Amino acid sequence: NAVTPSTPSKAENGAPAEITLDEFEDLSVLSKNDDSTHFTIFGYARSKMTDAELRHMVSKTLTCRIDKRENCSEKMEEFLKRCFYHSGQYDSEEHFMDLDKKLKQHEGSRVSNRLFYLSIPPNIFLDVVKCASKSASSVNGWTRVIVEKPFGRDSESSAALTRGLKQYLVEDQIFRIDHYLGKELVENLSVLRFSNLVFEPLWSRQYIRNVQLIFSEDFGTEGRGGYFDGYGIIRDIMQNHLLQILALFAMETPISLEAEDIRNEKVKVLRSMKPLQLEDVVIGQYKSHTKGGMTYPGYTDDKTVPKDSVTPTFAAAALFINNARWDGVPFLMKAGKALHTKRAEIRVQFRHVPGNLYKGSFGTDLDRATNELVIRVQPDEAIYLKINNKIPGLGMRLDRSNLNLHYAARYSKEIPDAYERLLLDAIEGERRLFIRSDELDAAWSLFTPLLKELEEKRIAPELYPYGSRGPVGAHYLAAKYNVRWGDLS
Ligand code: BG6
């Protein structure tokens, strides 16, 4: 898709647009700027479609939820009028030249910026980037490209993609998107840690026993089996979404909140980690399950998936960061499809209080006496801290209670979708939440040897029933490091 906002970015023109916190949550900030009345969106693909058909398609999912006081239907109409469609081949410079002509008709003699958002299979990335940069880049403003994952399948293919992209674009023009970085509670991680004295000093091996990054979905690969089978859950979720959260969570204090300072710290964390070992990984694949009269299909029941596929739809892994702050602290990841619930969360389990006067009150299960901080990324965003508390009354009985920050109860504003934040950031030239090429390299180095070994040896995943809590192997992996998964206790 080619998006042509004609407002110069703050990075390039040196004049930062003033955006208040309230405005930031309101995408209409684009139209508050005089020039954004010239904002247009072009869909580009091989299928034939008219502008009207594209608008009809867009209108089916278009909402106007940010500011309900305004006249929604008028705003939607205004938006739809700016949507156009151009049909062309992905590798035809000529077709991109036709697109360029159309874009110019809209842009007139104004300074125009162009943002290409590539949500396309990786095997055509380079063709599109070549054609777009040669035949449809902006002549008097900036040209940027947002690239959706997967960025390759392993270190080699990712490096080849990066080399290829750099023939046509400089690093600053490339915005590698990981939409988990745009999620509200992931954005909030640094605020929570760096602006609260009750957390910041505790953020190390001295007080933290383990960190858990958990992703689960209560549906299978429905309709996406063809894509998924070539990638698997480790590439789909762990190597990017969960690893990015880990890097943000564990980084040292950056010099500032500038994009390069944050990305410098994140890449140091990734480089301090050892590549994953097979013995620190459990893989699973969901199988068909009948419950309440309903039969849920197994992964290999999908017609686009080979019957003998060993692609994991579940994985659990233990990772370690070899630096002074995190030495010996297990970072456990767990990601799976077709599990019993849909949830993404970060769990931080703290150490025992030394010489705890009340430890007798917890019987033999001393783990119950430790604090746990839970950051629920989705759904129903929340941050809660499990603490020990005296049950009111004359006796001395303790209870585990939650200090709870429940977003829906605390904030009346709707939380923007991750993509809203990231697309706006790309238009603004804000790179903080996008992945730099060295981060990508480091991330692939951690997972590539393991992925190769799994694939070369065709290691069979442990089967788990659709809708269950996943393979029991995940418990043994955690137990090996004296950890109990927080979401199961
Ligand atoms: C995508 C994965 O990156 O993230 C999908 O490819 C997954 O397999 C999705 O379903 C989850 O995103 P969200 O925002 O719905 O949690």
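At what angle do helix α9 and α11 pack, and how far apart are their axes? Let's start there. This is a predicted model. In it, α9, residues 184-194, packs on α11 at an angle of about 15°. Their axes are 9 Å apart. Angles under 35 degrees count as roughly parallel, so α9 and α11 are roughly parallel to each other. Their crossing is right-handed.

Which residues meet there? From α9, they are Val186, Leu189, Ser190 and Arg193. From α11, they are Ile245, Leu248, Phe249 and Ala250. Remember the spacing rule for helices. An α-helix has 3.6 residues a turn, so residues three or four places apart point the same way.

Stay with α9 for a moment. Eight of its eleven residues are buried, so I'd call the helix mostly covered. The buried set is Leu185, Val186, Glu187, Asn188, Leu189, Ser190, Leu192 and Arg193. Those residues pack against α11, and also against β13, β14, β15, α13 and α14.

Now the overall picture. The protein has 489 residues, and 50% of them count as buried. There are 16 helices and 17 strands. Take the contacts with a separation of 6 or more: 77% of them join residues 24 or more positions apart. The accessible surface comes to about 23,300 Å². Carbon and sulfur atoms hold 53% of that surface.

Next, the core. In soluble globular proteins, nonpolar side chains tend to be buried together. Here the largest nonpolar core has 121 residues. Ile234, Phe249, Ile346 and Leu373 have the most contacts inside it. Which helix gives the most to this core? It is α11, residues 232-250, with twelve residues.

Helix α11 has another partner, α12, residues 259-271. These two pack at about 110°, with axes 8 Å apart. That makes α11 and α12 roughly perpendicular to each other. On the α11 side, the meeting residues are Leu243, Gln244, Leu246, Ala247, Leu248 and Ala250. On the α12 side, they are Ile262, Lys266, Val269 and Leu270.

One more helix pair: α8, residues 155-168, and α15, residues 437-456. Their axes come within 8 Å and cross at roughly 155°. Over 145 degrees counts as roughly antiparallel, so α8 is roughly antiparallel to α15. Helix α8 brings Ser155, Glu156, Ser158, Thr162 and Lys166 to the contact. Helix α15 brings Ser437, Leu440, Trp444, Ser445, Thr448 and Lys452.

On to the loops. Is Glu217 buried or exposed? At 11% relative accessibility, Glu217 counts as buried. Its loop runs between β7 and α10. Away from its sequence neighbours within four places, Glu217 contacts Gly336, Lys337, Ala338, Leu339, Thr341 and Lys342.

Take two of those partners. Leu339 is in the loop between β12 and β13. With a relative accessible area of 6%, Leu339 is buried. Beyond its neighbours within four places, Leu339 has contacts that include Ser216, Glu217, Asp218, Phe314 and Tyr464. Gly467, Ser468, Arg469 and Gly470 are also among them. For scale, the C-alpha atoms of Leu339 and Ser158 are separated by 30 Å.

Ala338 sits in the loop between β12 and β13 as well. At 0% relative accessibility, Ala338 counts as buried. Its phi is positive, about 55°, although Ala338 is not a glycine.

That brings us to backbone geometry. Most residues other than glycine have a negative phi, and most peptide bonds are trans. Asn482 also has a positive phi, near 60°. Its place is in the segment after α16. Asn482 is exposed, with a relative accessible area of 66%.

Last, the cis peptide bonds. One joins Lys149 and Pro150, with omega about 0°. Pro150 lies in the loop between β5 and α8. Another joins Gln378 and Pro379, with omega about -10°. Pro379 lies in the loop between β14 and β15.

That's the tour. Thanks.

Conventions: Residues are numbered from 1 along each chain as its sequence is written. This is a predicted model: local features need pLDDT of at least 70, side-chain atom pairs count only at pLDDT 80 or more; totals for chains, interfaces and linings use all residues. Side-chain values use heavy atoms; hydrogens and water are left out. Helices (H or I, at least four residues) and strands (E, at least two) are DSSP runs, numbered from the N terminus. Buried means under 20% relative accessible area, exposed over 50%, partly exposed in between (1.4 Å probe, protein chains only). Contact means heavy atoms within 4.5 Å. Accessible areas come from the Shrake-Rupley method with a 1.4 Å probe; for residues, only the protein chains shown count as cover. A nonpolar core is a set of buried Ala, Val, Leu, Ile, Met, Phe, Trp, Tyr and Cys residues joined through side-chain atoms within 4.5 Å. Axes are lines fitted to C-alpha atoms, for helices over the stretch in contact, and angles run from 0 to 180 degrees between N-to-C directions. Angles under 35 degrees count as roughly parallel, over 145 as roughly antiparallel, 65 to 115 as roughly perpendicular and the rest as oblique. A crossing is left-handed if the near helix is turned anticlockwise from the far one by less than a right angle, and right-handed if clockwise.
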